[in-house]
Amino acid sequence: MRITSITGAIMIIPLSPRAEGAVACNETHNPCEDLLWKGSRCRDGFCTNPFQGGCLRAILDSEEYNGKYSSDDTGTMESMKSLRRRLLSRPRVCNSEDGSDVVEQGLCVESENEYTEVRIYSQDWDSSMLMAWIMQIMYSELLGVPSTIESGVANKNANFYDESNRMEYGSSYDASAIENALNAKGGDCTMYKNGVDEQEYAPCAHLVMEIWFDGYDRSVESGAAEALKLVGMVAFQGWHITKFSIKRDPSLSNHFGLSGEENRRKLAETFKRPTTWRDYCTLVSTKNCSVYDGVAKRAPAEDGSEDNKYFSSGLYTGYFRVTEKNDCDANPTTCTGHALDFPCGWTSYIKQQTWHNKIALESDGNETNGGYTYGELVDIWYAANATKSDVIGLWWSPDATFSTFAGSDSALIPVLLPTTTQECLDNRVDMAKRCDPDATEIDLYGDSKGACGENHVTTRKMAVQNMQSNINTNANPKSRMSPAYDVYEAFSFTSVEINDIMGDWISRGGFDLRLATCKWMTENLDHIMKSFVPPSHPRILVPSNNSALTIAAFVFSAIAILLTIGTMGGILFKHQKGSFGRATQIEFLLLLLAGLFMVSVGSLLLAIEPSTGTCVGSIWMINVGYTTQLVPTLIRVSTIIKIVKDSMKMKIVMVDKKKMFRRSIGISGLAAIYCLFWTIFDTPHSENSLEVTGDQNEFGETIVKLSHYCDSDSDVWFYASFTYQAILLLCASALAYEMRQVPNSVNDSKHLAIMIYSSFFFLALRFVMYVVSETLSDDSQLMRAPLQNARSLFCSLDTVANILIFFSRFFVKEIDTTAKKPVNRGSDFFADNIARRGGGLTTMSRSKEPSEGVNSAATGGPPATFAEDEKVEEKEDFTMEDDGHMSKSTVRIRMKGRSINMPKWVVEEMVEKLVAEYGSEINTDESDD
């Protein structure tokens, strides 16, 4: 319909179904709600789309459908009542063509399921656009799948939810749209940023819902598209003639009354050439259309937009005239009547059929092949109806124009041509050559074997080759749930259903196909849900309630953090009070606690809601933390072992505590570098874990439990991390075993061993949890999140256990029930005396004579103390027990000119105290002095 204003009144003029949707209006006269639907408003001279927020929602909320699927409808299943409640409670899902203002107005909601957008090729005829719209409504309103319409032409919009209600016809059988979808990363057509420039426009479509002929053979053969599948609609495309023409001359209904030279004049005189509005006013009208003459009420618009129209309802009835080509007197052997041929890109064999069947008909359109555009074809059929002029040519059914005239004298009646055979079909001309300027005569007219008529066809549909695989292999588990391909595969539509919609459209004057489509879907919603919507869809995501394990992970990570901080504070406090001697090695204890603190923070990051930040932070804290915890301990223990061994051999020892710290920090830095590479090349990120349940919410949506976990694209990073931690623990185990021979005051091998075994146990548990999570099937993905919480819990328990095992002895007073022998005080006495007199033991050598040069040069400090072994006879009163070993020798201590014999065990205790006093890194040097 077109709306015009005449002296303040609104006049509604019927148009052909070719009308492109947009309805004109103004602020004074606003017929939008009357002509469209409740909610339509006049904006910028056009009525807005009343279904922009969802057509099912709008229709069900109307008085006419208020009781449809309602709770008062006793014959309605509960599932449909739930569906009605859902449709009324929320708008459709947004698509890539919706602006932010559409979201702000509440006309659409962003997709929570994160399904990939599906784009459907509308092509350029009514029934194809209708089925594209049905798919878009199902996707957007019933299933939460974002969906748009691809017109194939820049600046042509056929989106069902277009704000301006446009219904613009684009291209058809454009294989590049499918090829572009095939090449789009992940099948995402939104990657093509199409503007208004036709040269840069790149059509992209995943689905074509109505295919009549073999225009997509190339797409299938190249692997760009799947094999075509049946839709279920039986259609016919071929020659048609107006019914009143057959009434005048029944012989025109078949090729027998059309073919041969004897029928040439009849055809030329019967089927005249259609005339454009501009040509009529210029060539035919005596007044140049300045005065109404029963054909044209006025001349076409000055801007030229109406020049090439063959019909304009209420303004130009159309006109058919005899031209030179119709003049058989002047051209007795070449005169022809007029026939309608399709435009380039459409399937047509009319030239082959007329040539070899000797039918004197010819198309005179402006297309390269002499055909007419779709809009021009519609206008000519309407002009034939208005003027009752004879017209013959190509058309099809089901179609709105066909339905418009069905049952009237202007009905389009199929013309009988020679019977269709397989041999005929095999000898058809190549459609690619129809509009080729370099086509030869054989290209255009082909072989006589291919000049038969048309069969009824069953229409087919097509999907891009990788549509299903893109869904199944999508990195996002939410996107993998998309029902888009399953809906496409299940979809079918019959000619009866198409005609029902077309009939409703035509009954409203061919006005607003959107309303006719949506009303049909509302009335057949039960059938659609049962036939096309996959089981367990639609779905809604609900956060998974892993409360017990999540809370446990939170609580223990907090306990671990607080316990670590408390222990560190206690250690520093006791150290400040002087409760620890140097044997405690306070610096290394603090490094150990720093590592435990980082691990406990990492466990907390694993427990909270994952994000890229928390996932990256957790791998840094845990890997660097374990390194900081274990490496300084390994260096300290190995150094103590070397001191004791070298002291037993009377080797020169020197301490460089700074070097020890640099080594510890350097190895921790390597762990940090590893985490840096991990972060740069395979950033840990949050992944979704989903489980489809059998439960439904009040709206009939299947509940999908959603949780999150941290992951990287490659598992190698995690396995390398576990392996690295295991190697550190193995090294620590070996050193703990070797430390058993170290004197008791610096021997914490027992505590160290228990701590290592505990860490091994929790490391094994964490490793098992990770392996199990990686081997889960898609149906068990929901377990990934609790398994990550379990790993967090084990990290926290590991930290707590380490603190209790290794640090409790510093705060709990140990009671030694074994009485010490008085002689044990001898080492303290001698060590104190030596320290007072000489500033401490600085060198020890196995030597018979002192070397004063070495003393002053090597130490640069107080006089050196020397010790030498002296074998003595075994005497019972000299035998002392020390660490389970029997001492059977004495050591002579010489200072300056004095010497003294002491039991060897006393010297060992002296060495032990001096080692604790002056550090734990040793450089040894054999010397004869």
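Me: Is Trp-520 buried or exposed?

Reply: This is a predicted model, and in it Trp-520 has a relative accessibility of 8%, so this residue counts as buried, the limit being under 20%.

Me: Which ring does Trp-520 pair with, and how are the two planes set?

Reply: The structure holds 42 aromatic pairs, and in one of them the ring of Trp-520 partners the ring of Phe-493, with the centres 5.0 Å apart. Their planes stand at 65 degrees, and because an angle over 60 counts as edge-to-face, that is the name this pair receives.

Me: Where do those two sit along the chain?

Reply: Phe-493 belongs to the loop between α17 (484-490) and α18 (495-507), while Trp-520 is part of helix α19, so the pair ties together parts that are 27 residues apart in sequence. Phe-493 is buried as well, with a relative accessible area of 1%.

Me: What about Phe-807 and Phe-810, why is that pair called tilted?

Reply: The planes of Phe-807 and Phe-810 meet at 50 degrees, which lies between the limits of 30 and 60, so the pair is tilted, and the ring centres are 6.1 Å apart. Phe-807 counts as buried at 1% relative accessibility, and Phe-810 is buried too, with a relative accessible area of 14%.

Me: Which rings link up into a cluster?

Reply: Ring pairs join a set of residues that includes Trp-125, Tyr-169, Trp-212, Phe-342, Tyr-374, Trp-381 and Trp-396.

Me: What span should α12 have, and how far apart are its ends?

Reply: Helix α12 covers residues 374-387, and at 1.5 Å a residue its 14 residues should span 20 Å, which agrees with the end C-alpha atoms being 20 Å apart. The helix is followed by Lys-388, whose phi is positive, near 55 degrees.

Me: Switching topic, how many disulfides are there?

Reply: The count comes to nine disulfides. One of these joins Cys-55 to Cys-518, with the sulfur atoms 2.0 Å apart, and it links distant parts of the chain, since Cys-55 is in helix α2 (residues 55-60) and Cys-518 is in helix α19 (residues 513-523), 463 residues apart.

Me: Which disulfides are left-handed?

Reply: The examples I can give include the link of Cys-189 and Cys-204, where the torsion is about -65 degrees, so the disulfide is left-handed. Both of these cysteines lie in the loop between α6 (175-183) and β9 (207-211), so the pair ties together parts that are 15 residues apart in sequence, and Cys-189 and Cys-204 are both buried. Another left-handed link is that of Cys-615 and Cys-710, with -80 degrees about the S-S bond. Here Cys-615 lies in helix α23 (residues 612-648) and Cys-710 in strand β20 (residues 702-711), so this pair ties together parts that are 95 residues apart in sequence.

Me: Which charged residue lies over the face of Tyr-349?

Reply: That is Arg-428, at 4.4 Å from the ring centre of Tyr-349.

Me: Last one, stepping back: how many helices and strands does the protein have?

Reply: The secondary structure comes to 30 helices and 25 strands, and of the 929 residues of the protein, 53% count as buried. Among contacts with a separation of 6 or more, residues 24 or more positions apart account for 73%, and the accessible surface comes to about 41800 Å², of which 53% belongs to carbon and sulfur atoms.

Conventions. Residues are numbered from 1 along each chain as its sequence is written. This is a predicted model: local features need pLDDT of at least 70, side-chain atom pairs count only at pLDDT 80 or more; totals for chains, interfaces and linings use all residues. Side-chain values use heavy atoms; hydrogens and water are left out. Helices (H or I, at least four residues) and strands (E, at least two) are DSSP runs, numbered from the N terminus. The expected span of a helix is 1.5 Å times one less than its number of residues. A disulfide is a pair of cysteine sulfur atoms within 2.5 Å. Buried means under 20% relative accessible area, exposed over 50%, partly exposed in between (1.4 Å probe, protein chains only). Rings of Phe, Tyr and Trp (its six-membered ring) pair if their centres lie within 6.5 Å; planes under 30 degrees apart count as stacked, over 60 as edge-to-face and the rest as tilted. A charge sits over a ring if NZ of Lys or CZ of Arg is within 6 Å of the ring centre and within 35 degrees of the ring normal. Contact means heavy atoms within 4.5 Å. Accessible areas come from the Shrake-Rupley method with a 1.4 Å probe; for residues, only the protein chains shown count as cover.
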